[in-house]
Amino acid sequence: MKIDLNLPLFPTTSVGSFPKPEYLATARAQFYRNEISREALLALEEQATREFILLQERVGLDVLVDGEAERGDMATFFAEKMNGFKISEPVRSYGNRYYKKPRIVSAIEFREPMTKHFFEYAQKLTSKPVKGMLTGPYTMMDWSFNEFYGSREEVVRAFAKVLREEAIELMKAGCKIIQVDEPALSVRSDEIELAAEGLRLVLDGLEMYSITHICYGAFEFLAPKIHLLPVDQIDLEFAGRDFELLEQLRGHEFPQDVGLGVYDVHTHKITPQAKIEEYIAKALTFFRPEQIWVDPDCGLKTRTFEESEKGLAEMVAATKAARLSNK
Ligand SMILES: [Zn+2]
């Protein structure tokens with residue numbers, strides 16, 4: 001639901017994750033070997049969250065994130081905090097990457113707030129708005145093994161019910177902007193109606209500005225139906241393919257705001273300010289100025305801390321220049 005956020009033209013933000021400091025990876029491994037306590041791990045996750053907030057403040061972003069210090073896999077993190085799951089042995093994905101996949105073995109139910117602690121922790125550290133960040137019901141369904149429900153639709157609806165409870169927890173904690181990510185849609189665009197139903201069930205009537213992030217994928221199929229997604233903003237990766245996505249969107253309806261990915265995070269090269277200014281100008285041939293938010297293409301977890309800071313600084317400088325020329 002569109003609410004007054006009091007943000008400048010072309011608000012700047014990030015997609016969600018920040019690079020995990022080395023000490024956190026070490027601590028998590030120690031925690032799994034029962035060498036340190038949950039409290040000790042939590043203290044280090046909070047320390048990383050403080051570092052992420054400081055970085056975002058230094059760079060001058062308008063909307064901040066907690067940086068996801070405590071999250072590993074986007075789906076497993078949530079599944080471990082809901083009822084209804086067993087977590088599988090590591091499953092192979094994308095070549096040599098392994099991850100643990102959630103197995104749905106009984107009714108999916110809300111057990112405890114999943115993201116509220118770090119949202120509140122981060123929001124207390126800054127006067128800028130912090131986004132609430134959830135993995136969407138469609139992606140949760142697509143990335144889980146279903147051994148309980150009769151259909152994909154039933155699974156999406158069950159996840160949506162639990163994620164709505166989490167969204168309400170965040171709203172009660174003061175969250176004004178919520179991002180419900182659906183990266184799985186980039187490879188399953190034939191089910192956009194089902195993803196749309198899931199998002200509607202999570203967000204309907206809640207007084208928060210809503211965003212969904214979709215990674216780069218089969219946009220020739222997604223573009224004609226993108227207007228169906230019931231969110232205030234769709235956040236997309238434009239920079240990685242040098243803005244060819246904009247050409248795929250032309251001729252289709254795009255009533256939502258757009259999260260304009262202008263910083264290619266899939267390479268160690270930093271997208272320079274001049275290039276980002278060009279990208280914003282190009283976006284203005286399709287979007288209205290008030291529709292545009294500026295952010296990196298995707299999460300920053302695969303970059304280094306220094307790269308992230310430099311890349312975001314180029315992005316903020318380009319956005320400031322674009323504000324001046326679009327006054
Ligand atoms: Zn992405």
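Thr12 is buried (under 20% relative accessible area, with exposed meaning over 50% and partly exposed in between; 1.4 Å probe, protein chains only), its relative accessible area being 1%. The model is predicted, so local features need pLDDT of at least 70 and side-chain atom pairs count only at pLDDT 80 or more, whereas totals for chains, interfaces and linings use all residues. Residues are numbered from 1 along each chain as its sequence is written, and side-chain values use heavy atoms, with hydrogens and water left out.

Thr12 lies in the segment before helix H1 (22-32); helices (H or I, at least four residues) and strands (E, at least two) are DSSP runs numbered from the N terminus. Leaving aside neighbours within four places in sequence, Thr12 is in contact (heavy atoms within 4.5 Å) with residues including Gly60, Asp62, Val294, Met315 and Arg323. Its C-alpha atom is separated by 23 Å from that of Ala173, 161 residues apart along the chain.

Gly60 follows helix H2 and has a positive phi, near 90°. H2 (residues 38-59) has 22 residues and reaches 32 Å from its first C-alpha to its last, close to the expected 32 Å, where the expected span is 1.5 Å times one less than the number of residues. Among the buried residues of H2 are Leu41, Phe52, Ile53 and Val59. The buried residues of this helix pack against H1, helix H4 (116-124) and helix H11 (305-325).

The zinc ion has as protein donors (N, O and S atoms within 2.8 Å of the metal, or 3.2 Å for Na, K and Ca) His213 (NE2), Cys215 (SG), Glu237 (OE) and Cys298 (SG), at 2.1 to 2.7 Å. The donor residues are spaced H-x1-C-x21-E-x60-C in sequence. Angles of 90 to 122° among the four donor atoms make the site tetrahedral, a class that requires all angles of four donors to lie between 85 and 135 degrees. His213 counts as buried because its relative accessibility is 4%.

Beyond its neighbours within four places in sequence, Phe287 is in contact with Phe238, Leu246, Leu249, Phe254, Val258 and Ile292.

Methods
Four donors count as tetrahedral if all angles lie between 85 and 135 degrees; four count as square planar and six as octahedral if opposite donors are over 155 degrees apart and all others between 65 and 115; anything else is irregular.
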